[in-house]
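Me: I'm new to reading protein structures. Could you walk me through this one with a few questions and answers?

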Amino acid sequence: MIYTVTFNPALDYVVHVEHFAAGKVNRTVKENIFYGGKGINVSAVLAELGYESIALGFVAGFTGDEIRRGVKELGIQADFIQVENGMSRINVKLKSDEESEINGMGPKISAADVEALSRKLDKLVKGDVLVLSGSIPSTIEDDIYEKIMARLDGRGIRIVVDAEKDLLLNVLRYHPFLIKPNNLELRDMFGVELDTDEKIVAHAKKLQERGAGNVLVSMAKDGAILVTEAGEAFKLGVAKGKVVNSVGAGDSMVAGFLAGYLENGDLAHALRLGTAAGGATAFSDGLGRRDDIMELYRTLCP
């Protein structure tokens, strides 16, 4: 089974305004509500591709109730922990001449809530996949990724980590199956300019020397590079289309990669399906749908 963890789920209220003007009344021309959070995004795209997963995390208040309902409607099995204090976030994402965001705080997560999550994770068995992605709420200690991976270490669970800088670097000793930094994050980790593919591959291998398994480096318009655990390097360009949405594309890439890998173990196929899934989301208002993903997959060079 695949498990995803979203520490701070949200309702994403996405509004489109023509020529937003600060300090004035603005009216939307289009609006949507999405059930947000990086782990939830991964679960949703996995469902599109025919793979079941269980979404874990914390929810609270009436917004938490709506997240539960909406996630179920998406066909995702959820096992969220109900938090007593506060409410799940509402994130406002304004799309106009420029994109702006206002993100809510989220509930106050207690030590007991974190322990409840740990007990759920204790039920994972050899062969399961766990996806840890996104930032850590301020009410949780920032070493939570390390504690989770230390607790599961040596049990044959394939762990995927999609997080920034120290959150990622600090877990490499627990040998994650897959990590997905982008090229800018990789640059910041080492403090060097990575202006060639060769430099990106070399620094991805430095992460492998510290414990990472497969390293998937996304590079926006320049595509992605995968350095496999066996030391092979694959590069694939981006899918062709008009970018209308930047939210969830990286999560979609992770989901597509996992679906491709679980299908037949072929990492080049996994990279191709991950790239197609990321593109399908970038080219749509919400997360990519199966038909769009598979159409883009066919257009990408193998």
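This is a predicted model: local features need pLDDT of at least 70, side-chain atom pairs count only at pLDDT 80 or more; totals for chains, interfaces and linings use all residues.

Me: Which ring does the charged end of R272 sit over?

Reply: For a charge to sit over a ring, the CZ of an Arg has to be within 6 Å of the ring centre. The charged end of R272 is 4.0 Å from the centre of its ring, and that ring belongs to Y297.

Me: What is the phi of H175, and is H175 buried or exposed?

Reply: Most residues other than glycine have a negative phi. H175 isn't a glycine, yet its phi is positive, about 55°. You'll find H175 in the loop between α5 (165-169) and β11 (178-179). Its relative accessibility is 56%, and over 50% counts as exposed, so H175 is exposed.

Me: Where is A220 found?

Reply: A220 is another residue other than glycine with a positive phi, near 50°. Its relative accessibility is 66%, so A220 counts as exposed. As for its place, A220 lies in the loop between β12 (214-218) and β13 (224-227).

Me: And V254, is that one buried or exposed?

Reply: V254 is part of helix α8 (residues 249-264). Leaving out residues up to four places away in sequence, V254 touches V42, V131, V160, D162 and K180. Under 20% relative accessible area means buried, and V254 has 1%, so the word is buried.

Technical notes. Residues are numbered from 1 along each chain as its sequence is written. Side-chain values use heavy atoms; hydrogens and water are left out. A charge sits over a ring if NZ of Lys or CZ of Arg is within 6 Å of the ring centre and within 35 degrees of the ring normal. Helices (H or I, at least four residues) and strands (E, at least two) are DSSP runs, numbered from the N terminus. Buried means under 20% relative accessible area, exposed over 50%, partly exposed in between (1.4 Å probe, protein chains only). Contact means heavy atoms within 4.5 Å.
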